[in-house]
Amino acid sequence: MFQQLMDEKDFLAFTLANIDKHISQHSFTLSNQTTVKIIDNGVISFTPHAGSTKDIVLSCAVHGNETAPIEICNELIQALLEEKIQTAHRVLFLIGNPESILTETRFVEENMNRLFSGAHSMGEGLCNKERIRAKNLEDYVRDFFLDNEESQRIHYDLHTAIKPSKHEKFAIYPYRPGRSFSQQQIMFLAGCDVDTILFHHEPTTTFSYYSSEQFQADAFTVELGKVMPFGQNDMKKFANTRKMLNQLITQQNIELEVFDSNKVNLYKVSRSVNKHFDDFTFSFPKSTVNFTGFEQGQTLATEGGKEIKIEYPYEAIVFPNENVPVGQRTVLCLIPAPNEDIH
């Protein structure tokens with residue numbers, strides 16, 4: 001089974017070719033003494049022979065049609081397997097939802113990025129493959145982080161957005177009660193051309209929040225542009241992202257710019273608007289891009305015979321999607337965040 005991977009060093013191709021097969025854990029050592037462990041379909045880790053000061057999780061394909069992060073992760077895995085680069089830290093790569101890659105869809109039955117922090121086992125419980133996979137992904141992250149209690153923990157969950165954005169690359173910084181937001185992490189992301197940060201101030205069921213809340217990881221949901229099919233991504237747009245992730249993996253320390261709030265766009269989530277009726281309809285055109293702003297009193301949407309208004313002097317929007325099931329989020333509303341606890 002593993003001969004294809006050993007010959008081609010293409011972990012994505014190996015993952016998709018074995019999607020319906022049971023993959024037992026398999027380990028081997030590269031000539032540079034890096035230990036490689038295949039843990040499950042789409043799950044692979046690299047451990048350097050020398051000590052490691054960081055435990056890094058890079059996940060992609062939690063939504064299977066978000067192809068640029070999949071290509072970026074697969075390139076890094078291939079470079080590690082071919083020994084073109086050598087990791088200085090423990091790294092876990094997760095291809096989240098391989099089946100939805102094959103179907104070229106966001107998900108097959110249920111949005112996986114609403115199923116973490118135990119949400120997979122609530123309500124109907126483990127009733128579909130996405131719920132089972134979300135639980136397994138939690139377990140792989142838990143085992144990885146708990147295997148080394150001393151290192152800095154980092155998790156970048158890499159995505160692309162359904163809609164274009166005024167700020168092409170942005171990241172959601174999960175709720176961190178009792179912990180400051182990290183200047184260093186924000187400037188690392190700025191080096192990746194992710195120049196916009198959204199601070200969340202309540203628990204969610206996203207993958208990045210799971211790592212942040214359960215293991216105090218520096219974790220982010222990172223949006224790297226717009227969803228595109230395989231072969232249609234302009235990979236030149238991700239040059240700095242690829243460079244910084246390469247440095248993160250291969251170097252003990254990265255030289256970063258000093259934090260400057262003027263070099264990044266800082267927002268905080270003012271509210272999450274959920275759908276309560278099937279007739280939920282936004283007041284703006286479907287072509288409206290992420291980070292479009294609205295003024296207080298403007299109608300954002302209507303449902304159940306009532307209008308949902310803009311509550312602050314200025315609110316911007318991200319992730320508008322009126323076609324979600326009743327009970328799920330339709331949009332996040334944002335306000336400027338000049339006074340966050342950033343250290």
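How many salt bridges does the structure hold? In this predicted model, the structure holds 21 salt bridges. Side chains of opposite charge can pair when their charged atoms come close. One of the salt bridges joins Glu110 to Arg131, with 2.8 Å between the closest N and O atoms. This pair connects distant parts of the chain, as Glu110 lies in the loop between α4 and α5, whereas Arg131 belongs to helix α5, 21 residues apart.

Helix α5 also packs against helix α7, which spans residues 207–215. The angle between the two helices is about 35 degrees, and their axes are 11 Å apart. The crossing of α5 and α7 is right-handed. On the α5 side, the contact is made by Leu137, Glu138, Val141, Arg142, Phe145 and Leu146; these residues meet Phe207, Tyr210, Ser211 and Phe215 of α7. By class, the residues of this contact comprise seven nonpolar, one polar and two charged.

Helix α5 contributes to the second largest pocket as well. The space in this pocket amounts to about 400 Å³. The pocket is lined by 19 residues, and those closest to its centre are Ile19, Asn41, Glu99, Lys129 and Arg133. Two or more lining residues come from each of the elements α4 (98–102) and α5 (129–146). The largest share of the lining, five residues, is supplied by α5. Eight of the lining residues are charged, six are nonpolar and five are polar.

Methods: Residues are numbered from 1 along each chain as its sequence is written. This is a predicted model: local features need pLDDT of at least 70, side-chain atom pairs count only at pLDDT 80 or more; totals for chains, interfaces and linings use all residues. Side-chain values use heavy atoms; hydrogens and water are left out. On a 1 Å grid over the protein atoms alone, a cavity is a set of points where a 1.4 Å probe fits but cannot get out, and a pocket is an open set with protein on both sides within 12 Å along at least five of seven lines; lining residues have an atom within 4 Å of a point. Grid points are joined across faces, edges and corners, and a volume is the space filled by probe spheres set on the points. Helices (H or I, at least four residues) and strands (E, at least two) are DSSP runs, numbered from the N terminus. Ala, Val, Leu, Ile, Met, Phe, Trp, Tyr, Cys and Pro count as nonpolar, Asp, Glu, Lys and Arg as charged, and the others, Gly among them, as polar. Axes are lines fitted to C-alpha atoms, for helices over the stretch in contact, and angles run from 0 to 180 degrees between N-to-C directions. A crossing is left-handed if the near helix is turned anticlockwise from the far one by less than a right angle, and right-handed if clockwise. Contact means heavy atoms within 4.5 Å. A salt bridge is a side-chain nitrogen of Lys or Arg within 4 Å of a carboxyl oxygen of Asp or Glu.
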